[in-house]
Amino acid sequence: MTRESHHVVPNKDGGWDVKRGGGERAIKHHDLKTDAVGHARDISRNQKSELVIHNKNGRISNADSHGNDPYPPKDKR
């Protein structure tokens, strides 16, 4: 089962984009990473999806699950 995801990624022209996992186009563009993360977190919570936050170099820096996590922490089972 593939989980729905949303990503905060650097835009090649500057700023940060919020994208759906596997999507080409940005849902929203922000100048500040903190604004992009806040917007993406709201979407992710609303749609119960995985939130993946990337660094400037494109590597994943953080991820959060909002919803039915198939691998919950052991203390939450």
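Guide: Let us begin with a single side chain. Lys12 has a relative accessible area of 78% and is exposed, because the cut-off for that class is over 50%. Please bear in mind throughout that this is a predicted model.

Visitor: With which residue does Lys12 form a salt bridge?

Guide: The partner of Lys12 is Asp13, and their closest N and O atoms are 3.7 Å apart. Asp13 is also classed as exposed, at 67% relative accessibility.

Visitor: How many salt bridges does the structure hold?

Guide: There are three. One of them joins Arg41 to Asp64, with an N to O distance of 2.4 Å. Since Arg41 belongs to helix H1 and Asp64 to strand S5, this pair ties together parts that are 23 residues apart in sequence. Asp64 has a relative accessible area of 22% and is therefore partly exposed.

Visitor: Which residue forms a salt bridge with Glu4?

Guide: That residue is Arg20, the closest N and O atoms lying 3.3 Å apart. The two belong to distant parts of the chain, 16 residues apart: Glu4 is in the segment before S1, and Arg20 is in strand S2. Both count as partly exposed, Glu4 at 34% relative accessibility and Arg20 at 42%.

Visitor: How should I read the sheet, and what is the order of its strands?

Guide: In general, the strands of a sheet pair through backbone hydrogen bonds, in either a parallel or an antiparallel manner. Here five strands form an open sheet with mixed pairing, in the order S3-S2-S1-S4-S5. Its edges are strand S3 (28-30) and strand S5 (60-65), each of which pairs on one side only. From one strand to the next, the twist averages 20 degrees.

Visitor: Where does helix H1 pack?

Guide: Helix H1, residues 33-47, packs on the sheet and touches S1, S2, S3, S4 and S5. The direction of H1 makes about 165 degrees with that of S4.

Visitor: How do S2 and S3 run, parallel or antiparallel?

Guide: They run antiparallel, and three bridges join them. As an example, Asp17 has His29 in S3 as its bridge partner.

Visitor: Finally, which residues make up the largest nonpolar core?

Guide: In soluble globular proteins, nonpolar side chains tend to be buried together. In this model the largest such core has nine residues: Val8, Trp16, Val18, Ala36, Val37, Ala40, Ile43, Leu51 and Ile53. At least two of its residues come from each of S2, H1 and S4. H1 gives the largest share, with four residues.

Key. Residues are numbered from 1 along each chain as its sequence is written. This is a predicted model: local features need pLDDT of at least 70, side-chain atom pairs count only at pLDDT 80 or more; totals for chains, interfaces and linings use all residues. Side-chain values use heavy atoms; hydrogens and water are left out. Two strands pair if DSSP finds at least two bridges between them. Axes are lines fitted to C-alpha atoms, for helices over the stretch in contact, and angles run from 0 to 180 degrees between N-to-C directions. Contact means heavy atoms within 4.5 Å. A nonpolar core is a set of buried Ala, Val, Leu, Ile, Met, Phe, Trp, Tyr and Cys residues joined through side-chain atoms within 4.5 Å. Buried means under 20% relative accessible area, exposed over 50%, partly exposed in between (1.4 Å probe, protein chains only). A salt bridge is a side-chain nitrogen of Lys or Arg within 4 Å of a carboxyl oxygen of Asp or Glu.
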